[in-house]
Amino acid sequence: DGPPEPREFPVSPAPDVLQRQIYHSTREIPGPGLYLVDLTTGEVEAWQSEKQTYVDLSDDRRWVVTQGESQVYWANRETGKTYTWNPQELRLLASDANRFLFTEVRTGRFYVTDESFQVVQRFTLDMPVGKAQFAPGGGSIALTSGAWPTDGKLYLVDTETGASRDLGPPPTAANGQLAGVELLGPITDELVVSYVIGEVEPSGLTRESSIIRRYSWNGEVLGEFTAAGRAAHISPDRRLLASAQNLHHLDEAAVVTDLSTGQPLFRVTGTAPAAWMADSRGLVLESRLLTPYLVSLDGDLRDGPTPPRSTHFIFLDRLRPSPDEPGQFLYGLTVMNESGQVLQRIDLPDGDGWLIRDPDWGADGREVVIRITPPSGKGLLGFEAPLHPAVQKPPFPDPYLLLVQDPQGECLNLRESYSRSSRVIRCLPTGTRLAVADLFQAPVKLNEAFYYADDQFWLWARTEQGETGWVSLSTGSVVWGK
C-alpha cells in the first residue's frame, strides 16, 4: 500500500494579529507596547497586539513573539508576515539564521523548516528532547535528552537524512548526581556542553558544579574539565567561560575559566556574571545591591558606569554591554561609554503610570528595545550587601573564605547568638580566617549563611580552631580572604 502520507505541518499564517507601525521620534510613543529605537535615525518600530497584552522578541531579534493560552504568534520584522501554532501540540526547540526545529509534543516527530515555516526535513526519535542547537550552517543538530531525572544523553542528528547518533554516556561525577544538561553558545566550530552536577549537603541545600565537555560537530570529544558552580556565558571569542559559584550559601562568585585548559583565572566574590563585552576583554558583573561592576581579564575590578536618574520607573534596570561596539553600554534609557560619559539618551513622553521593563539592545548596537506595560506593582529592591566584592586568584581560600581585618587592629566578637547583647565566646584578632559553619548545625533554620537581626547582618561562622558562633558582617571588620 506504500508509506503513509506525511502529516500536515501544524503552523499556519495568522494575518493581522500583530500590527507594526513606524514613528519618526520616541516622543510619539503613545503607550504600552514593544518599541525598537533606531539610535542612528531616531525612528521607532512599534509592535502591538489586540489579542495579547505582552509582546516580546526572539533571541536573535528577528521575530516579534506573543503567546496566549492556546496559540503562539511569530511575526517576521522584515516582512511583517505572522505565523501561529498551538504550543500544546508543537514545541519550538531551536533556530538559526534561516531555519527552525520543531517537535510534536505527544509524538516523536521532528520537523526542520525554513524561515517561512515550510518543512524541509522530517525525522522521528523515540525519546523526549530537552534542549537543541543547530550546527553552524545547519548540517546537523545537537539534542539533549529530556528524560527526568536526566540521563544526560546527547545526540547528533543529520538534517539531510534524519539519522541520529548517540554520543555516548555523560561524564561521571566524583561527588553528587547529574542534575541537568545545557548547550552553551555562541555557536561556532565546537559544541560546548555543560553537565550540571548537584551535591546535596547535610543541611538539605544543594551545591552545584559543572562538568564541561567540548565536542567537534562530528561527535569527537575534544576536552573535559570540572568548573566551579553553574556555567553561564562563553566569551564571544570562545576562549573563556564565566560561571556562577555559590560560596557556601553566603554569596555568589563570578568565576572566569580558560575554556581550552579548564584552569580558573580568577573569581570575583560577591558578584554573578551578567554578560561579556563585545571584544571579550571584560565581563559585566551584578551584585546583591543591583550595582554593576566591570572586571578585566587581568582581574582589575571597578564600578560600572551609571546613568543620570531617569524620570521613568524602569523595572529590572541593568548595565548591558553593546553586542558589537566594545566599550559601549546601555543602562536604562542611556547609552554610555566605560567612563560613564553619556553618548545618547532616549527621550520618552511623560507617560502616566508607564512601567518600562528591562531595556536591552536589539540586533546590534544601533538598536534599543523598549517594552512598556501598565504598572504592576513595585520592582525588585536590593539590600546593602554585607561584603564588598573582591577579586581572588587561584588557589582560592576555600573553605576559609573570609578574613577578620579591623582597620584599628581591634578584635571582632564571636558571639553565642545573633545579637549585640549576646555572650561573647571569644574576640577574634585581625588575621583570623573564617569559614561558613555547617548550616545544618545552626540554632535557627538558615537557607543562607547570614541572618538579619538587631539591625545587622550576622554570619554563622567557624574558625580554623573549630569554634562556631555569630559574627557581625555590618561592622566592616569581615572581608573576603585572599
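**A close look at the disulfide and its surroundings**

Modeller: Let me start with a strand pairing away from your spot: strand 1 and strand 8 (residues 82-85) run antiparallel and are joined by two bridges. S12 has T84 in strand 8 as its bridge partner. Those strands belong to an open sheet of five, in the order 1-8-7-6-5, with antiparallel pairing. Strand 1 (12-13) and strand 5 (56-57) are at the edges with a single partner strand each, so one side of each has no neighbour in the sheet. Keep in mind that this is a predicted model.

Now for your disulfide. Searching the whole structure turns up one disulfide, and it joins C411 to C427, with S to S at 1.9 Å. The link of C411 and C427 is right-handed, with 90 degrees about the S-S bond. C411 sits in the loop between strand 37 and strand 38, while C427 is in strand 39 (residues 424-428), so the pair ties together parts 16 residues apart in sequence.

Next, the packing. The largest nonpolar core has 32 residues, and L250, L402, L459, V471, L473 and W480 touch the most other members. The elements giving two or more residues to this core include strand 37 (402-404) and strand 38 (412-415), along with strand 43 (468-472) and strand 44 (478-480). Strand 42 provides the largest share, five residues. In general, nonpolar side chains in soluble globular proteins tend to be buried together.

Leaving out residues up to four places away in sequence, V471 touches L412, N413, L414, L428, L434, F457, W458, L459, A461 and V478. There is also a second, separate core of 19 residues, with Y23, W361, V368 and I372 among them.

T334 counts as buried because its relative accessible area is 2%, under the 20% cut-off. Again setting aside residues up to four places away in sequence, T334 touches P307, P308, F329, V342, Q344 and R345.

Definitions and conventions:
Residues are numbered from 1 along each chain as its sequence is written. This is a predicted model: local features need pLDDT of at least 70, side-chain atom pairs count only at pLDDT 80 or more; totals for chains, interfaces and linings use all residues. Side-chain values use heavy atoms; hydrogens and water are left out. Buried means under 20% relative accessible area, exposed over 50%, partly exposed in between (1.4 Å probe, protein chains only). Contact means heavy atoms within 4.5 Å. A nonpolar core is a set of buried Ala, Val, Leu, Ile, Met, Phe, Trp, Tyr and Cys residues joined through side-chain atoms within 4.5 Å. Helices (H or I, at least four residues) and strands (E, at least two) are DSSP runs, numbered from the N terminus. A disulfide is a pair of cysteine sulfur atoms within 2.5 Å. Two strands pair if DSSP finds at least two bridges between them.
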